[in-house]
Structure formats: structure tokens, C-alpha cells
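Here is a short report for a reader new to this structure. Look at the sequence and the 3D view before reading on.

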Amino acid sequence: MFATVTDNLASGTLEVNKINGDADVEICFVAEALPVTLTSFEGKMEEGVSFLNWETASELNNKGFEIEHSTDGRAFSTVEFVLGQGTTQSVSNYSFLHKSPAKGDNYYRLKQIDFDGAFEYSDIVYLINKANNSPVTIYPNPASDRISYQGVAATLKIYDIYGRQLIQQTAAVENTSIDISGLEVGTYMVEISTTTNEKIFKRFIKSK
């Protein structure tokens, strides 16, 4: 033994190379690239639907993600598989809607799987599903050009699945029509804020 090397870096390998014949050696630490860098995994429960979003900063040989669900935080089952980007150094955003969560407690986690079968779990996201017996209605659902709101006077805000507000309209009468023809096909959430400061959420699907 001719030297002691100590490091506090990520996993990797130490390479020892001879230089200048046998007189000197060079010791190099080669860090291993992480397969997937998950920067966020979040969720929210709206009108009995679980909205899950996650982001990666980079990916290496990423086959995809299994979305796993549990009602007790211990026994999980797979509800969907979402394809990954393979290998990329760019930021990637993913989303999933669980349309039939259990009443009460809902736990979610991601199982990230490499092409070689290696996998890693994310942290757990906890959501609670509370029954909503709201006296307001959004119809038709799905809708292509317009939706109608029936209920008490309120301010209506429409959000996409990423939480971006796209439309705001005041409903001063019981029946109000909202133009959604400019929205892309997909799932949206209506936030209904009543004059008594109650917030109600309704989901609808924009069709072609």
C-alpha cells in the first residue's frame, strides 16, 4: 500500500493509472451517472379524482414508471404504466389521473424501471378523498364548445391538469354558459368559489 484515498462523493469507481513509467501513479474517481433524477412528485385530490404530477431533470435508460396505489400505505398495486424518455439530459414532465381512487385514504408512489429491469421507488404521496355532495352541476361532460354551470352565484375558474388557470368567469345567475372552444382536448378542473367563501371543484373533459 502506497496511499490512502478517502471520498464522500456519489457511487463510482477508482481508477489507478501508471504515468511516467513506473515512477508515478494517477488516481481518478469516476462517478456513476444516476439512472433518473426525480426532482418532484406531487398530487392533489379534486372532485374524487387524483391528479399526479412528477418531473425528472435527466434520465438514463429509463423504461418508464409504474404508478402504484395503496389504501393503507403498505400493500401497493400497480394502476398504470407511463413510458419514460429513455436517455435524455432535458427536463421531462409527467402526469396521471387516477379516476377511481378509494374513499378516504389514498397513497401513491412511483416505481421507476430501467431497461435492464433495475428499479427504484419514489417517496409516497398521500391524498384523502372526501365525498362531495355539492348542489352545483357542470354539463355536458364531455363537451366540445361550451359547458353550462347550474348552481348558486359564484366565480368560476378553469384550470388544466398542471394547475394553470385558463378561464375565469362570474356566474351571477343560476344557469351560466362558458365558452371552452379555445381549449385543447383533455381534462380540466373548474374551481367554483361561492359568495359564502365555499370552494367546490368539478372536473370535465374537453372533446373534439
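## Overall make-up

A residue counts as buried when its relative accessible area is under 20%. By that cut-off, 36% of the 208 residues of the protein chain are buried. The model is predicted.

The protein chain has 16 strands and zero helices. Its accessible surface comes to about 12400 Å². Carbon and sulfur atoms account for 48% of that surface. Contacts reach along the sequence too. Take those between residues at least 6 apart: 50% of them join residues at least 24 apart.

Strand β3 covers residues 36–46, and strand β4 covers residues 49–70. The two run antiparallel and are joined by ten bridges. One of the pairings sets M45 against S50 in β4. Together the strands form a hairpin, with two residues between them. E47 lies in the turn and has a positive phi of about 50°.

N61 belongs to strand β4. Its phi is also positive, near 55°, although N61 is not a glycine. Most residues other than glycine have a negative phi. Is N61 buried, exposed or partly exposed? N61 has a relative accessible area of 40%, so it counts as partly exposed.

G84 sits in strand β5, which spans residues 77–88. In sequence, G84 and N61 are 23 residues apart. In space, their C-alpha atoms are 8.7 Å apart.

Which residues does G84 touch, leaving out those up to four places away in sequence? The contacts are E59, N62, K63, G64 and Y94.

## Aromatic pairs

The whole structure holds seven aromatic pairs. One of them joins W54 and F65. Their ring centres are 5.6 Å apart and their planes meet at 70°. Planes over 60 degrees apart count as edge-to-face, so this pair is edge-to-face. W54 is buried, at 1% relative accessibility. F65 is buried as well, at 1%.

Y188 and F204 make another pair. Here the centres are 5.8 Å apart and the planes are at 20°, so the rings are stacked. This pair links distant parts of the chain, 16 residues apart. Y188 comes from strand β15 (residues 186–194), and F204 comes from strand β16 (residues 199–206). Y188 has a relative accessible area of 6%, so it is buried. F204 is buried at 0%.

W54 and F65 also belong to an aromatic cluster, which they form with F41 and Y94. Y94 is one of the residues that G84 touches.

## Charges over rings

The charged end of R109 sits over the ring of F76, 4.1 Å from its centre. K111 lies over the face of F119, at 4.3 Å from the ring centre.

## A four-stranded open sheet

Four strands form an open sheet in the order β13-β12-β15-β16. The pairing is antiparallel. Which strands lie at the edges? They are β13 (165–171) and β16, each pairing on one side only. Neighbouring strands are turned by 20° against each other on average, direction ignored.

Within this sheet, β15 and β16 are joined by eight bridges. S193 stands opposite K199 in β16.

Strand β9 spans residues 125–129, and its side chains alternate. V125, L127 and N129 point to one face and are buried.

Strand β7 (residues 104–114) pairs with β9 in the antiparallel sense, over five bridges. D105 has I128 of β9 as its bridge partner.

Most peptide bonds are trans.

P140 is in the loop between β10 (137–139) and β11 (146–150). P142 is also in the loop between β10 and β11.

Conventions:
Residues numbered from 1 in each chain as written. Predicted model: local features only at pLDDT ≥ 70, side-chain atom pairs only at ≥ 80, totals over all residues. Heavy atoms only, no water. Contact = heavy atoms within 4.5 Å. Phe/Tyr/Trp six-rings, centres within 6.5 Å; stacked < 30°, edge-to-face > 60°. Buried < 20%, exposed > 50% of the residue type's maximum accessible area, 1.4 Å probe, protein only. Lys NZ or Arg CZ within 6 Å of the ring centre and 35° of its normal. Pairing = 2+ DSSP bridges. Axes fitted to C-alpha atoms, helices over the stretch in contact; angles between N-to-C directions. Areas by Shrake-Rupley, 256 points an atom, 1.4 Å probe, with all protein chains shown as cover.
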